[in-house]
Amino acid sequence: MLNRLTKWFENNRENLLTVYFTAGYPQLDDTETIICALAESGVNIIEIGIPYSDPLADGPVIQESGMAAIDNGMTLQVLFNQLADIRTKTQVPLILMGYFNQLLQYGVDKFLDDCVKTGIDGLIIPDLPLMEYEQFYKDKLTQRNISISFLITPQTEESRIHKVDALSTGFIYVVSDSSITGMKTGISNQQISYFERIKSLQLKTPQLIGFGISDRESYLTASKYANGAIIGSAFIKHLKGKNEVDKATADFINLILKP
Amino acid sequence: MIQLSENGYYGSFGGAYIPEMLYPNVKELQENYLSMIYANDFQREFHYLLKDYVGRPTPLYLAENLSAKHNATIYLKREDLCHTGAHKINNTIGQILLAKKLNKKRIIAETGAGQHGVATATVCARMGLECIIYMGAVDIKRQAPNVARMKMLGATVISATSGSQTLKDATNEAIRDWINNPVDTHYIIGSVVGPHPYPDLVARFQSVISEEMKSQLLEATGRENPDLIIACVGGGSNAAGAYYHYLNDLDVRLIAVEAAGEGVYSGKSAATSILGTEGIIHGSRTLLMQTSDGQIVEPHSISAGLDYPGIGPLHAHLITTGRAEAVSVTDENALKAAFELSRIEGIIPALETAHAIHALEDISFKSSDVIVINLSGRGDKDLNTYMEYLDKY
């Protein structure tokens, strides 16, 4: 199977814009509309969040959108059903982001098979330990050509960064600051020196900077030190209460991409 | 043989399923906790504080009237007589000393009933460390006296308003605080839950309960081992402490008493070992109450301390392997037992503990059996609830 994400990275390494949204939010059936609107507006990689009751790494904005999505009736099965025809609409790289318990309950093999069927290219599972991935799941993902992206933070030791580099097959998710998602905006000098330190390691895996990226300025700044940046909470916040999500999505992305 | 594996598993339960942001802190603990807590000076200070500050050893009291009623020899391990009114302080004393060794300046904790919050605020006051307690907005309302105590002790109480606004969400918020403050902060978890090494760390600090039971029983009965140990289980810290030195003594029956709430299958229950399935909660692989889609379900118990949708991985292992027997007691029966113990022994137990007392009605034993019930806490904090039922029982 073709992996659109790794294929994409072969030819594109600059200013990559990745956007996260919570599946089933604001309305249950917005998933396809949002994906298509993001892709048409020029977003390079799309991260689809599987809503979870207890998302430890996420701040209030993503938590609330997740609770709303669950109340709307979103489940993994519903999500895979919604994505069944997505590859007839767009070839943008698609990533699923969720917590490990959700995969365990769905069944990891079934989950991975459904990713293949719907054309999901990669995964982010923030609470899956590296060692457990290596021991039990690495082969399963490799066989199906599904990529995985692990996180590093300002506190991650260099030896562990190299381990993350060795195991990540999508990109390295560079967490910009010691925080949960959506807590801070703007980029400090301290963060810049951390980005420079990571850049100087010349890792094999592409790097995308996320957490605290909320607008054009922070997206462009982050992109100087990595292959691109990830926007999540700011987009979710923008979608809140919007009826025409396709238009709202295009408006938001235009502000990021157009000077 | 019940033993923790190198990676922090009891059988298939445990581990550390945490986002990368928590990894350095958790790894620091994993690598240092055993050498730090068993260092001579640490042990000396820990035992000094347990003795002179907490008031240990707590008595092992032969409850004659309770024994006569249930036709067995029943001892109560009086953890309710600990400073602050529950066993929780055994762990917070240990963890605050560990936090000092790790040079942490700021302490965070979650609390349900408020007992762990009070015990944490107490040791922070004693040690002069900043203290932030996360408590569900719902629990803040139903445990007002403990909220006042924490504030008087100088702690900041932050209301957890996410999700169901109870212990699970207070724990989520404390973990998020730790992510946001990765360098100077130590998270004092109150139960044998969370990522490795917390379940083992907390169990070791609480193991003083069974250590004392061994010598006290030897003196009282001529043998170290009782026939049964009964303890209530929410996360399971008092049970872990009461079982600890008996885990591999297979002649001792271990009874884990969970909260059935309004009935195990009423939809308002916290009987995790029956209703739970294997999954991950708060960084640990264990039994938890969840939907088929893996969303964590909000439990119910009249007692805020048992109102938790998971159980510690040690207990998941003990129960699934048959080493411990799980029993569940309803809100109503816990209330009955609380009034009964108050009237026949003159001891008002915490609502959590009252579940363990009622288990005497739910399990079979012989008249020759020696039974120890871990009386994990006193009932002062529950007086508002008890007063509502004063005319009924």
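Asn71(B) lies in the loop of chain B that runs between helix H3 (64–70) and strand E4. In this predicted model, Asn71(B) adopts a positive phi of about 55°, although the residue is not a glycine. With 13 other C-beta atoms within 10 Å, Asn71(B) is partly exposed, the category that covers counts between the limit of 12 or fewer for exposed residues and that of 20 or more for buried ones.

Strand E4 of chain B, which comprises residues 73–78, pairs with strand E14 of chain B in the parallel sense, and the pairing extends over six bridges. Within this pairing, Lys77(B) is placed opposite Asn374(B) of E14(B). A parallel pairing over three bridges is also found between E14(B) and strand E9 of chain B, which covers residues 228–232; here Ile230(B) has Ile373(B) of E14(B) as its bridge partner.

Pro57(B) is located in the loop between helix H2 (40–54) and strand E3 (60–62) of chain B.

For chain A, the secondary structure amounts to twelve helices and nine strands. The radius of gyration of chain A is 17 Å, close to the 18 Å that the globule rule gives for 259 residues, so chain A is as compact as a globular protein of that length. The C-alpha trace of chain A spans about 45 × 45 × 35 Å along its principal axes, and 53% of the 259 residues of the chain count as buried. Among contacts in chain A between residues at least 6 apart in sequence, 76% join residues that are at least 24 apart.

Local backbone features also occur in chain A. The peptide bond from Tyr25(A) to Pro26(A) is cis, with omega near 0°, and Pro26(A) is situated in the loop between strand E1 (16–22) and helix H2 (31–40) of chain A. Asn15(A), which is not a glycine, has a positive phi of about 55° and is located in the loop between helix H1 (4–11) and E1 of chain A. Asn15(A) is partly exposed, with 16 other C-beta atoms within 10 Å.

Between the chains, 24 residues of chain B are in contact with 29 residues of chain A. On the side of chain B that touches chain A, the elements that give two or more residues are helix H8 (167–180) and strand E11 (277–281) of chain B. The largest share of this side, six residues, is supplied by H8(B). By residue type, the side of chain B that touches chain A divides into eleven nonpolar, nine polar and four charged residues.

Technical notes:
Residues numbered from 1 in each chain as written. Chains lettered and ligands numbered in written order. Predicted model: local features only at pLDDT ≥ 70, side-chain atom pairs only at ≥ 80, totals over all residues. Helix = DSSP H or I, 4+ residues; strand = E, 2+ residues; numbered from the N terminus. Rg over C-alpha atoms; globule rule 2.2 N^0.38 Å. Contact = placed C-beta atoms within 7 Å. Pairing = 2+ DSSP bridges. Nonpolar A, V, L, I, M, F, W, Y, C, P; charged D, E, K, R; others polar.
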